[in-house]
Amino acid sequence: MLNALSVDVEDWFQVGAFETVIARDDWDSLPHRVERNSDAVLALFEKADVKATFFTLGWVAQRYPALIRRIAEAGHEVASHGWDHKRVFTLNAATFRADLERARIVIEDACGQSPTGYRAPSFSIDARTPWAHSVLAEEGYAYSSSVAPIRHDHYGWPEAPRFAHRPLPDADLIELPVTTVELAGYRMAAGGGGFFRLLPYGLSNWAVRRVNGHEGRPAIFYFHPWDMDPGQPRVRNAPVRSRLRHYTRLSAMEGKLLKLLDAHQWGRTDEVVARERSRLP
């Protein structure tokens with residue numbers, strides 16, 4: 001079973017958990033670590049002999065075009081994470097379309113690839129954005145991986161399907177939700193990110209095996225370059241919960257990732273989408 005491996009390319013100060021304490025106007029004055037951290041991810045993937053999808057902010061691609069070229073030249077997929085991490089439910093259809101176009105232009109200029117995949121910042125396509133998938137289809141995207149079908153204080157659309165589906169009756173666009181597992185009537189996140197970093201490795205390994213074996217579907221896994229960076233600056237005035245989620249077990253992430261990459265088969269998200277498309281009606 002080929003599982004989708006992905007990286008949300010953003011810097012430590014751009015995360016949703018810090019958006020109330022770090023202003024966008026201050027981003028350029030803060031220490032940038034996204035290039036060095038993304039290069040560390042590329043080295044890790046080379047060591048593990050895997051390819052992945054890098055969902056990249058246009059803001060990052062504009063400032064670090066050489067990084068985006070290195071990602072593409074290494075054989076990875078470069079996809080869109082929007083322009084500057086504004087959550088989709090804070091936009092409307094027109095401003096969302098403009099956000100997509102602005103990011104697409106700089107990503108294409110940086111690496112010569114026009115992104116065909118999209119991931120919403122903080123999985124922010126949900127019941128509040130009924131227009132989002134239509135805009136993506138109209139803009140020529142082949143797939144989205146923007147839905148977290150769980151309940152969470154930060155995001156979530158628990159009523160959404162758990163696996164690949166066509167969200168529109170009149171378009172070929174595929175939505176590929178991040179992985180969840182169900183056990184004893186309880187649905188839990190199992191697609192990487194902070195859940196993978198904070199919780200025991202065995203839980204994520206079991207979840208991938210369960211989704212692959214018991215349900216016969218691929219896992220959709222993600223993390224961020226800053227998840228591997230224990231030396232990143234600390235945001236002392238962030239909420240306690242946000243600090244605990246963001247900074248706990250950063251130094252353990254690389255070893256856990258190598259172990260998971262060795263235990264299962266991984267590839268680019270567009271490859272997994274192509275396989276899932278063939279099974280959909």
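This is a working chat about the predicted model shown above.

User: Quick overview first. How many helices and strands are there?
Analyst: The model is predicted. The secondary structure comes to 10 helices and 10 strands.

User: And how compact is the protein for its length?
Analyst: Its radius of gyration is 17 Å, close to the 19 Å that the globule rule gives for 281 residues, so it is as compact as a globular protein of that length. The C-alpha trace spans about 50 × 40 × 35 Å along its principal axes.

User: What share of the residues count as buried?
Analyst: Of the 281 residues, 56% count as buried.

User: On to the largest nonpolar core. Which residues touch the most other members?
Analyst: Leu5, Phe45, Phe54 and Phe223 do. That core holds 50 residues.

User: What is in the second core?
Analyst: That core is separate and has 14 residues. Among them are Tyr118, Ile125, Ala132 and Leu173.

User: Met253 and Leu257 sit in H9. Which H9 residues are buried?
Analyst: Met253, Lys256, Leu257, Leu260 and Leu261. Seen down the helix axis, the buried residues of H9 fall within an arc of 130°, so they line one face.

User: What does that set pack against?
Analyst: The buried residues of H9 pack against S1, H1, H6 (193–198), H7, S9 and S10 (265–267).

User: Change of topic: charges. How many salt bridges does a search of the whole structure find?
Analyst: It finds 20. In one of them, Arg87 pairs with Glu19, with the closest N and O atoms 2.5 Å apart.

User: Where do Arg87 and Glu19 lie?
Analyst: Arg87 is in the loop between S3 (77–80) and H4, and Glu19 is in the loop between S1 and H1. The pair therefore ties together parts that are 68 residues apart in sequence.

User: Is each one buried or partly exposed?
Analyst: Arg87 counts as buried, at 8% relative accessibility. Glu19 is partly exposed, at 36%.

User: Which residue does Glu139 bridge to?
Analyst: Arg97, with the closest N and O atoms 2.8 Å apart. Glu139 lies in the loop between H5 (132–138) and S5 (143–144), while Arg97 is in H4, 42 residues apart. Glu139 is partly exposed at 28% relative accessibility. Arg97 is partly exposed too, with a relative accessible area of 28%.

User: And how do Asp270 and Arg268 meet?
Analyst: Their side chains form a salt bridge, 2.7 Å from N to O. Asp270 is partly exposed at 23%. Arg268 is at 19% and counts as buried, because the cut-off is under 20%.

User: Which residues are linked in a network?
Analyst: Arg24, Asp84 and Lys86 are linked in a network of salt bridges.

User: Last one, S7 and S8. Do they run parallel or antiparallel, and how many bridges join them?
Analyst: Antiparallel, with 4 bridges joining S7 (residues 180–183) to S8 (residues 186–189). Thr180 has Ala189 as its bridge partner in S8.

User: What about the turn?
Analyst: The two strands form a hairpin with 2 residues between them. Ala184 in the turn has a positive phi of about 55°.

Terms used: Residues are numbered from 1 along each chain as its sequence is written. This is a predicted model: local features need pLDDT of at least 70, side-chain atom pairs count only at pLDDT 80 or more; totals for chains, interfaces and linings use all residues. Side-chain values use heavy atoms; hydrogens and water are left out. A nonpolar core is a set of buried Ala, Val, Leu, Ile, Met, Phe, Trp, Tyr and Cys residues joined through side-chain atoms within 4.5 Å. Buried means under 20% relative accessible area, exposed over 50%, partly exposed in between (1.4 Å probe, protein chains only). A salt bridge is a side-chain nitrogen of Lys or Arg within 4 Å of a carboxyl oxygen of Asp or Glu. Two strands pair if DSSP finds at least two bridges between them. The arc is that of the directions from the helix axis to the C-beta atoms. Contact means heavy atoms within 4.5 Å. The radius of gyration is taken over C-alpha atoms; the globule rule is 2.2 Å times the number of residues to the power 0.38.
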